[in-house]
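Here are my notes on the model you sent. Please read them with the structure open.

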Amino acid sequence: MILLQASGLGHRFDCSLFHALALEVCEGETLSIVGVSGSGKSTLLHILATLLRPMEGDVFLFGKNIYTLSNDSLLAIRRNQIGIVFQSHYLFRGFSATENLQVATLLAGETIDENILQGFKIEHLLHSNASKLSGGEQQRLSIARVLMKKPKIIFADEPTGNLDQETSANVMNAIFDYVEYMKAALVLVTHDIELAHRCTKCFTLANQTLTQS
């Protein structure tokens with residue numbers, strides 16, 4: 001089943017970033033996008049993840065043309081069907097780890113999943129204040145919080161950029177396991193070529209076009 005389909009995408013700021021881009025992602029697939037800084041990778045991810053209306057083209061999520069939907073319908077998709085992982089963690093610093101996870105589970109009508117806790121090796125941190133955690137622990141908690149919603153598509157922008165090599169590998173293993181188990185999908189922006197090639201599909205954004213490796 002196709003979860004995400006985009007066609008004719010184009011966008012510019014001071015100059016054109018890309019035009020006539022097309023891609024699709026199905027259940028169980030993982031897709032990576034690589035490219036030099038400034039090529040438009042994060043902009044493309046934001047467009048695909050409902051965060052930025054493209055100047056050209058259409059994005060369909062779960063069969064719906066998202067940029068024709070009302071704000072309430074778009075919010076419902078963000079809350080219930082997709083998860084967005086940024087390089088910065090955006091935790092509630094005055095909350096405990098558990099309370100940060102509960103923000104996501106309560107909004108999505110889910111419960112805290114012990115398997116996700118174990119996958120990210122954060123079960124021992126639940127009673128700790130988020131502000132007292134190390135940077136790596138905060139990032140693992142942040143990604144786990146996104147998965148607690150049980151999204152069908154995860155959009156991730158350099159999710160392991162602030163992690164050491166071993167922790168990064170463990171985090172990505174947990175994400176890939178989630179995608180496989182939940183029959184979900186992943187769209188990943190990364191500078192890590194080795195990580196990119198672990199995905200089902202690997203694309204390079206260069207010279208305003210998207211090509212599959």
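1. Ground rules. Contact means heavy atoms within 4.5 Å. The model is predicted, and local features need pLDDT of at least 70, side-chain atom pairs count only at pLDDT 80 or more, while totals for chains, interfaces and linings use all residues. Residues are numbered from 1 along each chain as its sequence is written, and side-chain values use heavy atoms, with hydrogens and water left out.

2. I154. Start with this residue. Leaving aside neighbours within four places in sequence, I154 is in contact with G83, V85, L147, I175, Y178, V179, A185, L186 and V187.

3. The largest nonpolar core. A nonpolar core is a set of buried Ala, Val, Leu, Ile, Met, Phe, Trp, Tyr and Cys residues joined through side-chain atoms within 4.5 Å. Buried means under 20% relative accessible area, exposed means over 50%, and partly exposed is in between (1.4 Å probe, protein chains only). The largest core has 33 residues, and F120, I154, I175 and L186 touch the most other members. Two or more residues each come from helix 3 (97–108), helix 4 (114–119), helix 5 (135–148), strand 7 (153–157), helix 6 (165–182) and strand 8 (185–189). Helices (H or I, at least four residues) and strands (E, at least two) are DSSP runs, numbered from the N terminus. Which element gives the largest share of this core? Helix 6 does, with 7 residues. Apart from this core lies another, of 31 residues, with L3, A49, I77 and L210 among them.

4. Helix 5 against helix 6. How do the two helices run? Their axes come within 11 Å and cross at roughly 0°. Axes are lines fitted to C-alpha atoms, for helices over the stretch in contact, and angles run from 0 to 180 degrees between N-to-C directions. Helix 5 is therefore roughly parallel to helix 6. The cut-offs are under 35 degrees for roughly parallel, over 145 for roughly antiparallel and 65 to 115 for roughly perpendicular, with the rest oblique. Helix 5 makes the contact with R140, I143 and L147, and helix 6 with T167, V171, I175 and Y178. By type, the residues of this contact are 5 nonpolar, 1 polar and 1 charged. Here Ala, Val, Leu, Ile, Met, Phe, Trp, Tyr, Cys and Pro count as nonpolar, Asp, Glu, Lys and Arg as charged, and the others, Gly among them, as polar.

5. A174. This residue lies in helix 6. A174 is buried, at 12% relative accessible area. Leaving aside neighbours within four places in sequence, A174 is in contact with G119 and F120.

6. L188. Look in strand 8 for this one. Buried or exposed? L188 is buried, with a relative accessible area of 0%. Not counting residues up to four places away in sequence, L188 touches L31, S32, I33, A156, P159, M172, L195 and C199. L188 and A206 are 18 residues apart along the chain, and their C-alpha atoms are separated by 16 Å.

7. Aromatic pairs. How many does a search of the whole structure find? The search finds 2. Rings of Phe, Tyr and Trp (its six-membered ring) pair if their centres lie within 6.5 Å; planes under 30 degrees apart count as stacked, over 60 as edge-to-face and the rest as tilted. The rings of F86 and Y90 have centres 5.7 Å apart and planes at 85°, so this pair is edge-to-face. F86 is partly exposed at 28% relative accessible area, and Y90 is exposed at 57%. F92 and F95 are stacked, at 5.3 Å centre to centre and 25° between the planes. F92 is partly exposed at 40%, and F95 is partly exposed at 34%.

8. S96. The loop between strand 6 (82–85) and helix 3 holds S96. S96 counts as buried, at 15% relative accessibility.

9. Positive phi. Please check two loop residues. K183 has phi near 55°, a positive value in a residue other than glycine. K183 sits in the loop between helix 6 and strand 8 and is exposed at 51%. Q208, also not glycine, has a positive phi near 70°. Q208 lies in the loop between strand 9 (201–206) and strand 10 (209–212) and is partly exposed at 30%.
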